[in-house]
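Biologist: Could you put the model up on the screen so that we can go through it together?

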Protein chains: 4
Amino acid sequence: MKKSVPLAVVGGDLRLAVLAELLSADGHTVSVSALERHTFGSGVHRAGADGFGVQQAQAVILPIPAESSDGLLNAPLSNTSYHTQAILDAIPPGKLVLAGAVSQGLYLRAAQNGLHLVDYLQREELAIRNAVPTCEGALQLAMEELPITLHGAKALVIGNGRIGSLLAQKLAALHAVVTVSARSARDFARIQAAGHAYLHTGALPGHLAGFDLVVNTVPARVLGLMELSELPENCLILDLASKPGGVDLTAASQLGRHAVWALSLPGKVAPVSAAQAIRDTIYAILQEEALL
Amino acid sequence: MKKSVPLAVVGGDLRLAVLAELLSADGHTVSVSALERHTFGSGVHRAGADGFGVQQAQAVILPIPAESSDGLLNAPLSNTSYHTQAILDAIPPGKLVLAGAVSQGLYLRAAQNGLHLVDYLQREELAIRNAVPTCEGALQLAMEELPITLHGAKALVIGNGRIGSLLAQKLAALHAVVTVSARSARDFARIQAAGHAYLHTGALPGHLAGFDLVVNTVPARVLGLMELSELPENCLILDLASKPGGVDLTAASQLGRHAVWALSLPGKVAPVSAAQAIRDTIYAILQEEALL
Amino acid sequence: MKKSVPLAVVGGDLRLAVLAELLSADGHTVSVSALERHTFGSGVHRAGADGFGVQQAQAVILPIPAESSDGLLNAPLSNTSYHTQAILDAIPPGKLVLAGAVSQGLYLRAAQNGLHLVDYLQREELAIRNAVPTCEGALQLAMEELPITLHGAKALVIGNGRIGSLLAQKLAALHAVVTVSARSARDFARIQAAGHAYLHTGALPGHLAGFDLVVNTVPARVLGLMELSELPENCLILDLASKPGGVDLTAASQLGRHAVWALSLPGKVAPVSAAQAIRDTIYAILQEEALL
Amino acid sequence: MKKSVPLAVVGGDLRLAVLAELLSADGHTVSVSALERHTFGSGVHRAGADGFGVQQAQAVILPIPAESSDGLLNAPLSNTSYHTQAILDAIPPGKLVLAGAVSQGLYLRAAQNGLHLVDYLQREELAIRNAVPTCEGALQLAMEELPITLHGAKALVIGNGRIGSLLAQKLAALHAVVTVSARSARDFARIQAAGHAYLHTGALPGHLAGFDLVVNTVPARVLGLMELSELPENCLILDLASKPGGVDLTAASQLGRHAVWALSLPGKVAPVSAAQAIRDTIYAILQEEALL
């Protein structure tokens, strides 16, 4: 980085703690708060809890998601609870605030305070970068839970989007026998061009026998009682879809199917890579805002 | 196929000849015309040149492109020249006509004749299916023209679209060292997630030394005098972009750079696979039109 | 299987329990003993502890390894301890006994009893089949222990044998940047043909900075104090080598390096696949012995 | 290279011409003879035809193969014919001579002249390095001859040796559906671990219907009348085996099967890569002989 920028990191999990260290290692002046339980290297400064270090910062970085449903800052590494409102109130008007998974309410309050709030999780490049640790996390989970190797396993990936297509490629690279389901002729052609078999997501019943592993990536109920009861007893079901999820977990439980709802994998399985992805996205935003 | 449909195939190259055979093998009644120089199996009927077999057909299939710039049917396997107008005039109003790379003029004439004209080359699934033979054709050309193996070769793919991303994957699978150029942060993230290095297509100069192979997939002038003169003398340049192409061939020739403009690869390197792709696309259209 | 053969499975871990079920599912008459803590399906018969079911069996199958150093049967799923000698004494002379990792002492006692003892772990096909779960287990461990993704990680695999070459291929398939070390010009050429960089195992110092992951597959001390101190602090070190192992664990501990000695991965990470591999090997032996 | 060595290159095809240039580019003093029809850069010296430049050279490099069956030097780029005997007679006793595919007669004559003759083609590392251009040449031929894409093609590779296993990997990387045939349980396990299906080379009949491509790598008659007549009419058969070859070409011709006997692919499809492989092998020999 050619230019050094003062930045404040407030709250978040291990990803934001590592992010602060990465930003500092690049030569930026970084202050952190609401991250008391993480031990930082010498370059990172702890801000007083009164001001969160936001006065000196040219941009304030909040976590993913920025706040919980009750309006508290998402700060699992802090010893204290903070109202997000209080943090926004401490930031001088006109300043750039970067946050992930921003709610309507938070946008509104930032606008009222005259802050320029950008949701970095909305950036498609971050979603693409997060696909890599998400898919590795899915591979890891499958390896941990299955008593067979992925090599030779019959795997169904539901959905051919960002996550589904990358996961299918990684499974095939490890010699699983891969089928991907989707809903359009365009996606069927893509799945074939990638070397996999395909199914129609809307017509799975009748084709589900024999799978050792099913991974859902579609954020809509695709595996209900009928689908689950057709899957083999030993089949592992991973649901990577955000709420409300794509698997009827109650039905799975009643049927004795082993289903795992795996959310937020990047931060769990590869926090450093996840932090690097956030850093690169934040740099792109800072450049667009002419701060870098 | 559950249902047998009478179909007429008129003109085209080896792809349309093979298509007629594939349709016949699936149980459809197929008549062909303007394909005299191809020897067909027993199931395909030759239509008289007066009517082109279009009266009995439920759909008439024309080639890619349907006509040349002078209004003649694209029919390299025919002994005669036909005006496309004459063929359209022979088709009863209301009938379905399928053609590739349809010009505005042809659409107009079809509309005047009351024909339902669909351009099957506009279907994204066909473009995706054609990407496979296009990329294999590029590999074949590179293997034929380069005195080194693709294994270990330093390759630059310009453009991360349908062709570029698939070609990069195939080159890397053969252990070339692959860089892909694109123009957006989104594409840079995609290129990294696919495991390649990346460059900005708009800022290639300064990064072009050392490549053994450059393949352009962008239909805009990206390799001009400045870029070409920076490429090593032994570098092979393949241009897969449709007209006007992305390489300044005059400059390449003056500089003594080896540049090949490779168009319409699917029909040249894998006519049977190309015909299968057309067949699958035509079936999808026939189903949507409730003819199949 | 065309022919049904009576078989006795005695002792072992989950792999031998699953093996018994697989053999039974193929139509063989299977009795088990020293496996009390495993719940079997209806096809498998429990033998009385007096005779171990060996009288009726045409072949007796013992675990990997067959016995511990103190002469006791390896039987972690049994409620009782057995002397291997007692089991051998129960088997009628002339009978085929299949066991894994057979010691000299065990061979001697089998010979004294007139038994035909074959070590199925000596079969190269089993070693090759076990390489797959071993490598997947190494990937799983690396994913669990590293805070970064394998995608983009700099990995060194020490040794280009059965395990090393397969692991390098799998790491590269997940887009790690892979270097393999070996000791011969032949292996260097193989490593390059597989698309990886190479180092000389005997001259690692000076080349170890920058690795995120080192996996040793060589059963000899290759990572001592000098090598370990050169590896980055955050580097994960996996040792897959059987005793005495290839990593100086004491030095690693003193230096604060994170080293994991991972033994017997197939049975731990993929017991069902491991059991299938044993089954296929046992079938090959039974065919050679004209019992199948 | 730290040390400059005077070397003489005598005869050979494009590979030896390029080899001379590569050696010169590394700083060695290189003289060439019997290569008149190749245009060399400024660093390479042409030796007089009387002495072949062998007096000054510390090692003399002859081609692959060194001589034809009638005792003439293999020199397709020369305007003159030379007896290999005459060349050997010109070399002072005690000198190192490097040649490829050395016959018994040539060894004998070298010994009589007191020369130290080493066959560099016997070096396993060269055979391994040559496997890469051989396999790419096979891919290129298959792409040129088949009217379908390798993607989706059903391919049988006969033999799981150096060439067979690498070719199978490359075909699978391009999404062909790959079966490999071999003869041992060990190789069957290896083929499965590499993710392919397998057949027994000795029991091919009954399993040959449906293949689009068959590549033989075994130097023994494996595809006779019975096997060939079972292969589909459109199947392409490539024979990569050295003499006597593995395909009954007369039977293939009678049956109308398209069979291509492809020999010496590295020099044909990638002469520069082939020359680099020879160079690396010669350096290894020179180091062992303490000349480098």
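This is a predicted model: local features need pLDDT of at least 70, side-chain atom pairs count only at pLDDT 80 or more; totals for chains, interfaces and linings use all residues.

Biologist: Let's start with chain A, then: how many helices and strands does it have?

Modeller: The secondary structure of chain A comes to 10 helices and 12 strands, and the C-alpha trace of that chain spans about 60 × 40 × 35 Å along its principal axes.

Biologist: And what share of its residues is buried?

Modeller: Of the 292 residues in chain A, 57% count as buried, while the accessible surface of the chain comes to about 11500 Å², with 52% of that belonging to carbon and sulfur atoms. As for contacts in chain A with a separation of 6 or more, 56% of them involve residues 24 or more positions apart.

Biologist: What about charge on that chain?

Modeller: Chain A carries 20 positive and 24 negative side chains, and the centres of the two sets lie 4 Å apart.

Biologist: Switching to the interfaces, how many residues does the contact take from chain C and from chain A?

Modeller: The contact takes 23 residues from chain C and 23 residues from chain A, and the two chains bury about 2000 Å² between them, 60% of it on carbon and sulfur atoms. On the chain C side, Glu136(C), Met143(C) and Thr149(C) lose the most area to chain A, together making up 28% of what that side buries.

Biologist: How many salt bridges are there between those two?

Modeller: The count between chain C and chain A is 0 salt bridges.

Biologist: And what does chain C do with chain B?

Modeller: There, 6 residues of chain C are in contact with 6 residues of chain B, with about 340 Å² buried between the two chains, 52% of it on carbon and sulfur atoms. Across this interface of chain C and chain B the rule again gives 0 salt bridges.

Biologist: Are Glu125(A) and Arg123(A) buried or exposed?

Modeller: Glu125(A) counts as buried because its relative accessible area is 5%, and Arg123(A) is also buried, at 17% relative accessibility.

Biologist: Which residue does Arg129(D) form a salt bridge with?

Modeller: Arg129(D) forms a salt bridge with Asp280(D), the closest N and O atoms being 4.0 Å apart. Arg129(D) lies in helix H4 (residues 124–145) and Asp280(D) in helix H10 (residues 271–288) of chain D, so the pair ties together parts that are 151 residues apart in sequence. Arg129(D) counts as buried at 16% relative accessibility, whereas Asp280(D) is partly exposed at 26%. Elsewhere, salt bridges that share partners join Glu124(A), Arg162(A), Arg186(B), Asp187(B) and Arg190(B) into one network.

Biologist: Which residues is Ala131(C) in contact with, leaving aside its neighbours within four places in sequence?

Modeller: Beyond those neighbours, Ala131(C) is in contact with Arg162(C), Ile163(C) and Leu166(C). By contrast, Ala131(C) and Ala251(C), which are 120 residues apart in sequence, are 28 Å apart in space from C-alpha to C-alpha.

Notes:
Residues are numbered from 1 along each chain as its sequence is written. Chains are lettered from A and ligands numbered from 1 in the order in which they are written. Side-chain values use heavy atoms; hydrogens and water are left out. Helices (H or I, at least four residues) and strands (E, at least two) are DSSP runs, numbered from the N terminus. Buried means under 20% relative accessible area, exposed over 50%, partly exposed in between (1.4 Å probe, protein chains only). Contact means heavy atoms within 4.5 Å. Accessible areas come from the Shrake-Rupley method with a 1.4 Å probe; for residues, only the protein chains shown count as cover. Lys and Arg count as positive and Asp and Glu as negative; His and the chain ends are not counted. The place of a charge is taken as NZ of Lys, CZ of Arg, CG of Asp or CD of Glu. Buried area is the accessible area (1.4 Å probe) that two parts lose on being put together, summed over both. A salt bridge is a side-chain nitrogen of Lys or Arg within 4 Å of a carboxyl oxygen of Asp or Glu.
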